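Subject: Structure handover

Hello,

Here is the structure I promised to pass on to you.

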Amino acid sequence: MNETLPSSNMVKVSPETLNSPLSNSTLTTLSTATESRTISSTQLTATKPKVTQAPPNAACYASQTPFIVNLNYSDIDFLEENVDFIEHLLEGGSWRPAQAVSTINISIIIPYRKRESHLAVFLLNVHKFLQMQNISYTIFIVNQVDDKKFNRAGLFNVGFYEAQKMNSSHDCYFFHDVDLIPDNGNLTYCCSSDAVLHYATAIWRHSAPGEIKDYSMFFGGIVAATASQFQKANGFSNRYWGWGGEDDDFLKRVRASGQNASNIPFADGRYVMFKHDRDKGNEPNGLRMKLLGETQKTWKSDGLNTLNYTVLSILKKKYYTEIQVSF
Ligand code: UD2
Ligand code: MN
C-alpha cells in the first residue's frame with residue numbers, strides 16, 4: 001500500500017466480458033453495500049474509484065444464503081479444540097463439496113506471524129463462507145518464524161510454491177490477509193483468466209464503525225490469480241521487508257507482464273478489517289519508494305524465480321495447513 005500509486009495503472013473491463021453474478025453490480029450501485037453497514041456521505045464523495053470491474057469468467061457458484069459474520073471468537077486454541085462446526089473437513093483445512101457445482105480448486109494463501117486472535121476469527125468465518133459457494137479449497141497459513149522483518153510478499157511466493165507442490169490440481173490462488181473477513185455471502189471466490197482480481201475493495205474497519213472505506217485504488221488485502229497469471233508476473237517481489245509497497249509492486253508486475261488488473265465492484269468486495277497496531281517486526285519499509293521505482297527493471301529477476309527460503313515444518317492442522325518458514 002502506498003498513497004502515491006496512480007489508479008490509472010488499473011484497466012477497465014468492458015461490460016461485454018462480464019458474465020458472472022458479480023457483473024450486475026456497478027461501482028456506483030451502493031445499495032447492497034449498505035445492508036449491514038452504513039456509508040457516510042463524506043465517504044461517498046471522498047472516494048471516486050476509477051476502475052471498473054471485474055469479472056470472473058470461471059463458473060462461480062453464488063450462494064443465496066445470507067452470511068452472518070461472527071466476530072466473537074478470539075482464542076485459536078478454543079477453536080482448534082472445541083468448535084466442530086465444519087463437516088467433512090479434510091486434514092489440513094481442505095474441503096470438497098459432496099456435489100461439486102464447479103470444478104474450481106482454490107488455495108487460500110495467508111501471510112502470517114503472531115496474529116492468533118485474527119486467525120481464529122478468520123477461520124471461523126472463511127470456512128463457512130467458502131463452503132456456501134460449493135468450491136473445493138485449502139487454507140494455507142504461511143508462518144514466518146524467523147527474526148527478520150516481516151516479508152508479506154515473500155510469504156505469498158512461498159505459499160504459492162508449496163501449495164502447488166501439495167495440490168497440483170489447484171488452479172486459483174487467493175493471496176489473502178488474515179485480518180479481512182468477508183462480509184457479503186453473495187461474493188464468490190474465483191479467478192478470471194481476463195485479469196488478476198483485487199477483492200478487498202469495500203472495507204468496513206472495525207476501528208471506525210459506520211464507514212465503509214473504498215480501497216479500489218489499492219492492490220493489497222486480497223488478490224486472486226490463476227497459477228499461470230502468477231507465474232507470468234514472476235510472483236511477488238522478495239525485496240520488501242517490513243510494511244508497505246509490496247502490493248503496489250505486484251500491480252506493476254502484473255501490468256509489466258502484459259496482464260490486466262481489475263477490481264471486484266465496491267458493492268460486492270465487502271470485508272470487515274480488524275483494528276490493530278503496526279506489528280513489531282513489520283515497521284514501515286523506508287526503502288519502499290526506491291524499490292517501487294525499480295520494479296520495471298527488476299521484476300523479471302526478482303520473484304518466484306529467485307525465491308530463497310527454508311521450510312521448517314508443514315503441519316496439517318484441523319482448520320489449515322501451516323507452513324513454517326524462515327528466509
Ligand atoms: C495494508 C494492506 C495489506 C498490505 C499492507 C502493507 C489492504 C486492505 N491492506 O494493510 O494488504 O499491503 O498494507 O504491507 O489493502 N501480518 C502478520 N503478522 C505481522 C504482520 C503482518 O500476520 O506481524 C500479515 C497479516 O496477514 C496481515 C498482513 O500481513 O493482515 C498485512 O499486514 P498489516 O495488517 O499490518 O497491514 P495493513 O493493515 O496496514
Ligand atoms: Mn491489517
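First, the ground rules. This is a predicted model, in which local features need pLDDT of at least 70 and side-chain atom pairs count only at pLDDT 80 or more, while totals for chains, interfaces and linings use all residues. Residues are numbered from 1 along each chain as its sequence is written, chains are lettered from A and ligands numbered from 1 in the order in which they are written, and side-chain values use heavy atoms, with hydrogens and water left out.

The metal site

The manganese ion (ligand 2) has D179 (OD) and H276 (NE2) as its protein donors, at 2.1 to 2.3 Å. Donors here are N, O and S atoms within 2.8 Å of the metal (3.2 Å for Na, K and Ca), and since water is not among the atoms, sites may look incomplete. Helices (H or I, at least four residues) and strands (E, at least two) are DSSP runs, numbered from the N terminus. D179 is buried, at 5% relative accessible area, whereas H276 is partly exposed at 29% (buried is under 20%, exposed over 50%, partly exposed in between, with a 1.4 Å probe and protein chains only).

The largest pocket holds about 810 Å³ of space.

A pocket is an open set of points on a 1 Å grid over the protein atoms alone, where a 1.4 Å probe fits, with protein on both sides within 12 Å along at least five of seven lines; lining residues have an atom within 4 Å of a point.

Aromatic pairs

There are 18 aromatic pairs (Phe, Tyr or Trp six-membered rings with centres within 6.5 Å; planes under 30 degrees apart are stacked, over 60 edge-to-face, the rest tilted). F156 and F175 pair edge-to-face, at 5.3 Å between centres and 80 degrees between planes. F156 lies in helix 4 (residues 152–166) and F175 in strand 4, so this contact ties together parts 19 residues apart in sequence. Both are buried. F156 and F175 also belong to one aromatic cluster with F160, Y173, F219, F230, F236 and F250.

Helix 3 and its loops

In helix 3 (116–131), 13 of the 16 residues are buried. K114, in the loop between strand 2 and helix 3, has a positive phi near 50 degrees and is exposed at 66%. N134, in the loop between helix 3 and strand 3, has a positive phi near 60 degrees and is partly exposed at 21%.

Best wishes

Conventions: Points joined across faces, edges and corners; volume = space filled by probe spheres on them.
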